[in-house]
Amino acid sequence: MNAVAADFGPAPSLWKRRHLLDLESLSAPELLCVLDTAARFKQATNGCRSKLPVLTGKTTCNLFFENSTRTRTSFSLAARRLGADTVEFAASSSSLSKGETFIDTAKNIQAMNVDALVIRHVSPGTPHILSNNLQCSVINAGDGAHEHPTQGLLDIMTIREHRGSLEGLTVALVGDIAHSRTARSNIWGLKRLGAHVIVCGPATLVSRAWESFGVEVAYSLDEILPRCDVLNLLRVQFERQTTRPFPSVREYALLYAMNRERMARAKPNILIMAPGPINRGVEITPDVADGPQSVILDQVTNGLAVRMAVLWLVTSQGE
Amino acid sequence: MNAVAADFGPAPSLWKRRHLLDLESLSAPELLCVLDTAARFKQATNGCRSKLPVLTGKTTCNLFFENSTRTRTSFSLAARRLGADTVEFAASSSSLSKGETFIDTAKNIQAMNVDALVIRHVSPGTPHILSNNLQCSVINAGDGAHEHPTQGLLDIMTIREHRGSLEGLTVALVGDIAHSRTARSNIWGLKRLGAHVIVCGPATLVSRAWESFGVEVAYSLDEILPRCDVLNLLRVQFERQTTRPFPSVREYALLYAMNRERMARAKPNILIMAPGPINRGVEITPDVADGPQSVILDQVTNGLAVRMAVLWLVTSQGE
Amino acid sequence: MNAVAADFGPAPSLWKRRHLLDLESLSAPELLCVLDTAARFKQATNGCRSKLPVLTGKTTCNLFFENSTRTRTSFSLAARRLGADTVEFAASSSSLSKGETFIDTAKNIQAMNVDALVIRHVSPGTPHILSNNLQCSVINAGDGAHEHPTQGLLDIMTIREHRGSLEGLTVALVGDIAHSRTARSNIWGLKRLGAHVIVCGPATLVSRAWESFGVEVAYSLDEILPRCDVLNLLRVQFERQTTRPFPSVREYALLYAMNRERMARAKPNILIMAPGPINRGVEITPDVADGPQSVILDQVTNGLAVRMAVLWLVTSQGE
């Protein structure tokens, strides 16, 4: 460990996990440990701008079976800002097309002495399966509609940065809840830290059954709007839908888009978030996306800090 | 800034631009500033062979919307030889296919604290639009048929390296002028530094209107050949042409290919250049491409030096 | 050369080659030199886990004209663990599609001051052609069905690691010999170091003509099994076969798959190897692939060490 890393100190002893598979299983102290570490990284690296080589000599691998640019790039940059090497393992050109099993591919990557495997896969549970078969760290970068824990963490970090605490805040997740792994990770993390969560959208995309997770279910954005401290506007994932869950984009925007008129009826200090990429004019109008309450680009910057924190924490176990 | 960078000294105070969008707007002192800096980098890094980490901790991003290997690789290597990290943002797998606007994609990249965005796009003016919307540096790596400023700079650097100065030289650009951003960048830079420029090719690819830019227009290579100090043989871009601008490749080669017979009628110290990739037997014959007057591979090496210089100059502003 | 590199010492003076094109032309001392160097790298880097920056400031380029993930990733990681930069030159997006010749592409890469070019190509002899036209080092990462020398070396390194020496061992290569460059590289290297080599498979994939290379030809795995110290189970390359060389996969597995029943009739200390990616249930059953005699994942780790050794040896010539 070099001089800079020594200055940053050892990884917090509270954190014991070798993998980050979901937020559902994390305790409040564990969540706060990641958030505090991310905040320290952000400060120590001048807003994620400079390097802090605490992972020099380590290697991370991005194994993405779904298209991704921003999450993959964010993980790569986070790894490199910590001094690690990263390799990309593109699914299309990989040996899987030659009949190799998924676990064999992962074991081969591990045999090249990779320290952390960042995986995105269309099948829920894939990261769990890998974590049971590998010695290296496994980080879930999205598994189907199950979870996307670093997205949940960066959303929560952004709220906490602006409000100090999650305790007692009302956070609404608006839109395509049914297909959203981001919604699930947000729900588990937000509730564990004391926020009240509302899921809101058309009935075809938001089931009453979500009440069993301890969240409020709403179908009218206008009704819940005055109570909300944070709106997280999920994107309408046209590319994931096989049926048409609402009559038209115009109808969706009429009922659920955050626009100037709705802003006038919201709390003045409401935070407007979106996991992106945003569809301007669908879930959000340009004046709101670029307005003073929007923290959408803060989320991107905090994504780097959160991923630095997670990479450091999980690879510091068992050393 | 580390010891090696300190030895190289601060960026020249003459340079004030945060972006490199074109050569048209550069003054002669600015052009010479880039060329001098590139020459210093080439010397200090033993012909671009070794590293000079003046950009340690900085990050560049290649955002290429057109296929490119050599320009992209050249920018990546230049960045890494200066100690920067680079990320590739492939257009095909990016969020643009999910409905995100072009500027939102770029702002997201910037939010990951990228210091310089190197952009290639089929639409002229794209880098200008980005530069008006971003705080990070924007470098044009080719925008449609408009400009390709680092290609112009590396061509000019190569001539200057062999002749000391551009003043009074006659430089002919031969071939597909109509589709060539390289031609436009060469014209602006060469003229600003005192060269006489001729554009030469079939009338379908070279318009009389070019005279309004202060260049000589010629249709016969054989007529202008004895006067030329430099020939820059642009490639016939078969992949860009939607109509057939000349009867046959054989006819084109007969009139415009640089071959042994034409070399015999040229100045003995003529410089033969080509931006590549070359079509052997079309715009140039193998004996000329590999002959003693060819500086084609010097251009590639100088491309690295020019890109190091540009990356350093634009990212050193406002620190 | 920095302090760490100095500790590792200079490259062995016995090695004089600037390229690694095949194993056929290597002498036994040369083979042992690579293997010893690889073993030293493996030890010095804690099983290829940490870095040993003996190639800082150097650049390697992967020029792959056939799909590959594991070989390409292995070469990239090897280069980076030695402190070198690596660039990927994807064939599909390269200038070859613009009509550039193969050698011009390679010369352009070299002009960017690349120190080692790692090439995979469907045509046998391609690396030889490049080595005759370039000043930089050329490393063959597989040329058609000719050779794949680093695969041969990593296989041999793995056997030597477990048995101390190759002298007098009986090694059977089983399966698709006709299409296998791995088989050819293994044969040359194994025989040179004193092993007895058997090639075994269906008559459609194993010709009697192989006897002229000094190897034993067998068609029944069961007959040779009791004599074997090592089995290297080549994969059935369904993707390379244009005709069907055996009646069914089930028939192939019945005759040539290594399974529990055959293990019972093999020497107790037999080594089970496979170049991967493996087809579970075709050439090997899961219990054997994951069993105590399998060294398949050791091969992957040793691949890193071998590639570090080769990159260092070939780029250390003529300094």
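Residues are numbered from 1 along each chain as its sequence is written, and chains are lettered from A in the order in which they are written. Since the model is predicted, local features need pLDDT of at least 70 and side-chain atom pairs count only at pLDDT 80 or more, while totals for chains, interfaces and linings use all residues.

**Exercise 1. Work out the strand order of the open sheet in chain C, and find which strands stand at its edges.**

Solution. 
- Start with the terms: strands (E, at least two residues) and helices (H or I, at least four) are DSSP runs numbered from the N terminus, and two strands pair if DSSP finds at least two bridges between them.
- Now read off the order: five strands of chain C run E7-E6-E5-E8-E9, with parallel pairing.
- Strand E7 (216-218) and strand E9 (271-273) of chain C each have a single partner strand, so one side of each is left without a neighbour in the sheet.
- From one strand to the next, the twist averages 20° (axes are lines fitted to C-alpha atoms, and angles run from 0 to 180 degrees between N-to-C directions).
- For a closer look, take strand E8 (residues 230-233) of chain C, which pairs with E9(C) over three bridges. Asn232(C) has Met273(C) as its bridge partner there.

**Exercise 2. Describe the side of chain C that touches chain B.**

Solution. 
- Count the contacts, meaning residues whose C-beta atoms, placed from the backbone, lie within 7 Å: 18 residues of chain C meet 23 residues of chain B.
- Next, look for the elements involved: strand E2 (85-90) and helix H4 (102-111) of chain C each supply at least two residues. H4(C) gives the most, with four.
- Then sort this side of chain C by class: it has four nonpolar, nine polar and five charged residues. Here Ala, Val, Leu, Ile, Met, Phe, Trp, Tyr, Cys and Pro count as nonpolar, Asp, Glu, Lys and Arg as charged, and the others, Gly among them, as polar.

**Exercise 3. Compare Asn46(A) and Cys48(C): is each one buried or exposed?**

Solution. 
- Check the backbone: Asn46(A) is not a glycine, yet its phi is positive at about 55°. Phi of Cys48(C) is positive too, near 70°.
- Cys48(C) lies in the loop between helix H2 (28-44) and strand E1 (59-64) of chain C.
- Apply the cut-offs: buried takes 20 or more other C-beta atoms within 10 Å, exposed 12 or fewer, and partly exposed is in between.
- Asn46(A) has 12 C-beta neighbours inside 10 Å, so it counts as exposed. Cys48(C) is buried because 28 other C-beta atoms lie within 10 Å.

Terms used: Two residues are in contact if their C-beta atoms, placed from the backbone, lie within 7 Å.
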